[in-house]
Amino acid sequence: MANNTQNLDKSLKLWERAENIIMNGTQLYSKMPSVSIKGVSPIYFVEGKGSKVIDLEGNKYIDYSMALGPCILGYANPEVNHAVKKQMAKGSIFSLPHPIEVEAAELLCKIIPCAEMVRFLKTGSEATNTAVRMARAYTGREKLIKGHYHGWHEWSICDTPKNGGIPKVLRNYVFTPNYNDYDAYEKIFRRHKGEIAAVIIEPIEFEPPRDRFLHRIKELAHRNNALLIFDEVVTGFRFGLGGAQEHFGVIPDIATFGKGMAGGLPLSCVVGRKKVIMGAKDKIFVSTTFGGDTLALRAFLTTIKIMQSHNVAKKIWDFGAELKEKTSRILKDAGIINNIRCVGLPPRLGFEFKDNQGKDSKELKTLFMQEVVKRKIFFVWNILPSFAHGGKDMAETIEAFKVSAQICRKALNENRLKDYLEGEMPITVV
Ligand code: PMP
């Protein structure tokens with residue numbers, strides 16, 4: 001039975017202190033209480049093991065956000081922890097390069113189809129920023145076609161509501177057509193002939209590519225002497241060891257990876273065709289102190305070893321496929337499939353919420369998420385299955401979804417969604 005009387009006083013007090021002293025209270029927007037259901041959702045996690053996390057109040061949750069992507073093997077994987085501790089005993093970072101940089105780069109070139117050269121960084125934002133700088137330097141052009149979100153830097157955020165502090169002029173250099181809208185891409189290329197340096201997109205978010213969209217965008221970019229960059233910061237490793245590019249059979253010129261690549265440690269990279277990277281490298285400046293940190297690189301090597309020996313990507317696909325199938329069935333059985341839909345491909349699932357008129361419903365989203373989290377299932381935007389999720393997690397999750405769907409059905413029938421809400425509605429950040 002759900003715990004309706006979750007007491008979050010301790011966490012709320014700590015959050016108040018945090019907001020007073022840390023800008024935004026924390027370091028990632030997706031971790032802010034206002035992005036979940038403030039008053040109901042947990043606010044701080046203090047421990048994680050496998051697929052479970054424990055909040056500051058001591059409640060245990062099955063987590064499907066996996067630190068927003070990084071914990072692809074689950075929390076605190078013992079093999080990764082052991083390898084990192086051994087490396088730590090020898091020193092984490094030095095005043096000269098460490099041989100592990102070469103070993104890790106060679107491994108990436110073996111497993112990622114487009115990787116002929118590599119550059120390591122720390123965050124997804126750094127990787128996408130480097131990729132775009134490479135593309136601009138290589139092509140000698142300045143304009144970009146981009147997708148939904150690629151990080152917090154200027155070209156990625158300049159056309160969003162949170163674009164304070166970014167020169168307005170930059171908005172003239174980026175275009176953000178909708179995924180799958182090939183005609184919109186073509187129009188931009190026509191209107192800005194000879195000016196587009198690259199298309200940077202996530203190969204998939206939730207909506208699958210239609211009519212060979214990714215193949216056609218690659219042809220379109222190349223026909224216009226622009227580059228194709230895949231932002232695989234989320235899809236990387238989880239759609240397969242070779243990323244979504246391998247899954248969809250579309251090999252970009254440059255790709256970026258981060259999040260899951262080092263089993264929870266901070267590491268990202270930009271990889272790509274040698275001709276492009278060699279053509280750009282002397283024209284650009286990319287340099288960062290912690291880029292060669294051996295702990296994350298050791299964690300990366302160990303993570304990939306585990307992924308290879310246990311066929312982790314297949315396990316993630318299978319778990320996600322079963323979860324989507326069972327979730328869709330219980331939503332249908334609850335008579336709510338026209339209101340709540342589980343979307344996306346198995347390694348990255350999400351939900352769409354519609355009212356009885358077919359309009360996006362924030363109230364329904366809030367109610368479903370509220371009932372799910374009360375039953376100790378946690379996720380923010382995406383459901384990102386990991387190697388650690390198993391049959392028991394599946395059964396508990398489906399049961400929680402089932403009861404939550406029935407409550408939503410009742411609230412919709414009574415036309416009283418708002419009356420059922422026990423916390424604040426989540427905000428959308430960008
Ligand atoms: N690209 C995509 C597709 C992302 O989802 C994110 C982060 N959520 C980033 C880039 C930026 O990564 P980071 O937060 O590590 O800078």
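**Notes on a helix contact and a strand neighbourhood**

1. In this predicted model, Met-134, Ala-137 and Tyr-138 of H4 touch Lys-275, Val-276, Ile-277, Gly-279 and Ala-280 of H9, where contact means heavy atoms within 4.5 Å. By class, this contact has six nonpolar, one polar and one charged residues (Ala, Val, Leu, Ile, Met, Phe, Trp, Tyr, Cys and Pro are nonpolar; Asp, Glu, Lys and Arg charged; the others, Gly among them, polar).

2. The axes of H4 (residues 124–139) and H9 (residues 274–281) come within 8 Å and cross at roughly 80°. Axes are lines fitted to C-alpha atoms, for helices over the stretch in contact, with angles from 0 to 180 degrees between N-to-C directions. The two helices are therefore roughly perpendicular (65 to 115 degrees).

3. Turning to strand E9 (residues 254–257), Ile-254 and Thr-256 point one way, Ala-255 and Phe-257 the other, and all are buried (under 20% relative accessible area, 1.4 Å probe, protein chains only).

4. E9 pairs with E8 (residues 227–231) in the parallel sense over three bridges; pairing needs at least two DSSP bridges. With E10 (residues 268–272), E9 runs antiparallel, joined by four bridges. Ile-254 stands opposite Ile-229 and has Gly-272 as its bridge partner in E10.

5. Helices (H or I, at least four residues) and strands (E, at least two) are DSSP runs, numbered from the N terminus.

6. Residues are numbered from 1 along each chain as its sequence is written. Local features need pLDDT of at least 70, side-chain atom pairs count only at pLDDT 80 or more, totals for chains, interfaces and linings use all residues, and side-chain values use heavy atoms, leaving out hydrogens and water.

Terms used
Angles under 35 degrees count as roughly parallel, over 145 as roughly antiparallel, 65 to 115 as roughly perpendicular and the rest as oblique. Buried means under 20% relative accessible area, exposed over 50%, partly exposed in between (1.4 Å probe, protein chains only).
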